[in-house]
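Please look over the sequence and the model shown below.

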Amino acid sequence: MSTTTTTNKTFKRTLSQSNRLTAYAFLLPNLIGFISFTLIPILVAFGLCFVKWDFATPMTFVGFKNFIKLFKDEGFQISLWNTVYFTVASVPLTILISLFLAILLHRKLKGMPFFRTIFFFPYISSLVAVAVVWNMLYHPTMGPINSFLIKLGLENPPLWTSSIVWAMPAVIIMAVWKQMGYYMVIYLAGLNSIPEQLYESARIDGANEWQKFRYITFPMLTPVTFFCSILLIIGSFKVFDQIMMMTEGGPGRATHVMVYEIYTQAFTYFKFGYASAVAMVLFIIVLGLTVFQFRLERKWVHYNLS
Amino acid sequence: MNDQMENQGITLLPKRDNPFTFYKMKKLVFTLLNYVILFSGVVITILPFIWMLSSSLKPNNDVFSFPIAWIPETIRWQNYVDIWKQIDFLTYYKNTIFLTLIVTFNILLTSSLAAYAFAKIHFPERNVLFVLYVMTMAVPFQVIMIPQFIILKNMGLSDSLWALVLIGSFSPFGVFLLRQFYMGIPDELSESARIDGLTEFGIYARIVLPLSKPALSSLGIFQFVWVWNDFLGPLIYLTSDRNKTIQLGLRKFVTQYGAEYGMIMAGSVCALIPLIVMYVILQKQFIQGIATTGLKG
């Protein structure tokens, strides 16, 4: 805030009433849509958790029954476990790889913009098209990945999306491939903001590359890592498109994740109340994890004094 | 890999009593290693796309031939002709372009107006409303998609592109992003314009908007890509074929003609081409947009 705003505060307060009309004129187009298609749905979402409704029969209030049911339901438990599996594997992998790539790119090499452009591309490409391609790459008998692995001497390469064990890793590998470029760009921006003097003085003190990373780069990047891990965890709890395109939750229920459960309960079985309860649990988990991360923040995130 | 190991071995050979060459050699090897790793990364990143492109020009029998013939022996353009005949790709394209352009335009218009009120006009409910906007951003789409669907179904829009226009056009995120950017424009500018007799709308249109071109273009570009690539929204709303977007059309084709590998790849290329063209032209904006605002779908 500039100094003028503070000195003008009282003057502005008297003005604010007359400003109201102008302000709402600016807000109106967005506000109407915001209230009808975001705010009201959020409020309705809370209500829907407590009803049983399938469009055809009238809505009945069932209290906490939906929640009791879902915690007993095997489908929900599996979906929760699978979502956690996806998150625990894909988040650290993405962070490690994107940080590693960013550090390599940060060395002011020739052709840096070229590398950056290529790495970033999967992120903006459409998931449906990319998933279609990966499905074919993963083809258990004819796919190029397995043909390559056989050529390397592997006798029984994984069956990828057709295997209960390998379906999730297959989905995770593709997820990391698709999103690493985005986080790499964020890390690059973070690396650019580290003052060069820190490295200069470390060099004078005789620090090696690893020490420079351990005591300068990594601590200075913790705010970026914090930001990335929050985005990644929220994103991975919402994973759906990829599952729908690659495995449809299968084989069996090997990749049946939470949003897939919500989607099928709501739009295949029309159990709107139950699906809303699952969605609410998802929301609470995501919110809880974000709050928890902010709690942990001061334990490991360094913000520079400036 | 062996080469790298040998290279590292060589660095140890120069005697330590000549620190200059030792340092230089070490640096050279590091740079070389750097390039090797980055280049393998590039290969892994780009290979699926190249494979897609090359397979889209092959007859079915050749798609999975190994070793991979990166350049098809006979280039078969027919796949592209066929896919436009097999399914109604033109309609899907039209629908997607319609949806993407309208939603992107609406987002830019409504968000930039609302953000102006939040950043530059003092009115009593400003903070309460803004906090409300920010809080709703924390609610995932997956949580509100069911009530949204019920509301739009009751409005008679359950199988309509307009349903997607309505749910996509008023993102609180756009308001938040632009408001943050407007806050960085000094108030003195708008104050002095006000004294000079410019109306609020005049200040918005003639001062704030031109100054926030970088933020507007980042938001616009990313919005375009999100809507173009959106899958879950269209999946819920669009059921009849004449309303489907490219993503749904591609999925439909894959489920119907699962073994037409060459054509599936041609379809994927068609779904990606507009994005590739846009990316080639606007790649700087893409990367700067993320680096400065942390834009995220």
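Where in chain B is the place of K58(B)? In this predicted model, K58(B) sits in the loop between α2 and α3 (60-63) of chain B. The relative accessible area of K58(B) is 2%, and the residue counts as buried because that value falls under 20%. Once neighbours within four places in sequence are set aside, the contacts of K58(B) are V63(B), I68(B), A69(B), P72(B), R76(B), N79(B) and G262(B).

The next topic is open space. Rolling a probe the size of a water molecule over the atoms shows where empty space is left. The second largest pocket found has a volume of about 1400 Å³. Its lining consists of 30 residues, and those nearest the centre are R107(A), E209(A), K212(A), K27(B) and F30(B). Elements that each give at least two residues to this lining are α4 (74-105), α9 (196-204) and α10 (209-237) of chain A, along with α2 (19-55) of chain B. Of the lining of the second largest pocket, α2(B) provides the largest share, with nine residues. Sorted by class, the lining holds 15 nonpolar residues, six polar ones and nine charged ones.

How values were computed. Residues are numbered from 1 along each chain as its sequence is written. Chains are lettered from A and ligands numbered from 1 in the order in which they are written. This is a predicted model: local features need pLDDT of at least 70, side-chain atom pairs count only at pLDDT 80 or more; totals for chains, interfaces and linings use all residues. Side-chain values use heavy atoms; hydrogens and water are left out. On a 1 Å grid over the protein atoms alone, a cavity is a set of points where a 1.4 Å probe fits but cannot get out, and a pocket is an open set with protein on both sides within 12 Å along at least five of seven lines; lining residues have an atom within 4 Å of a point. Grid points are joined across faces, edges and corners, and a volume is the space filled by probe spheres set on the points. Helices (H or I, at least four residues) and strands (E, at least two) are DSSP runs, numbered from the N terminus. Ala, Val, Leu, Ile, Met, Phe, Trp, Tyr, Cys and Pro count as nonpolar, Asp, Glu, Lys and Arg as charged, and the others, Gly among them, as polar. Buried means under 20% relative accessible area, exposed over 50%, partly exposed in between (1.4 Å probe, protein chains only). Contact means heavy atoms within 4.5 Å.
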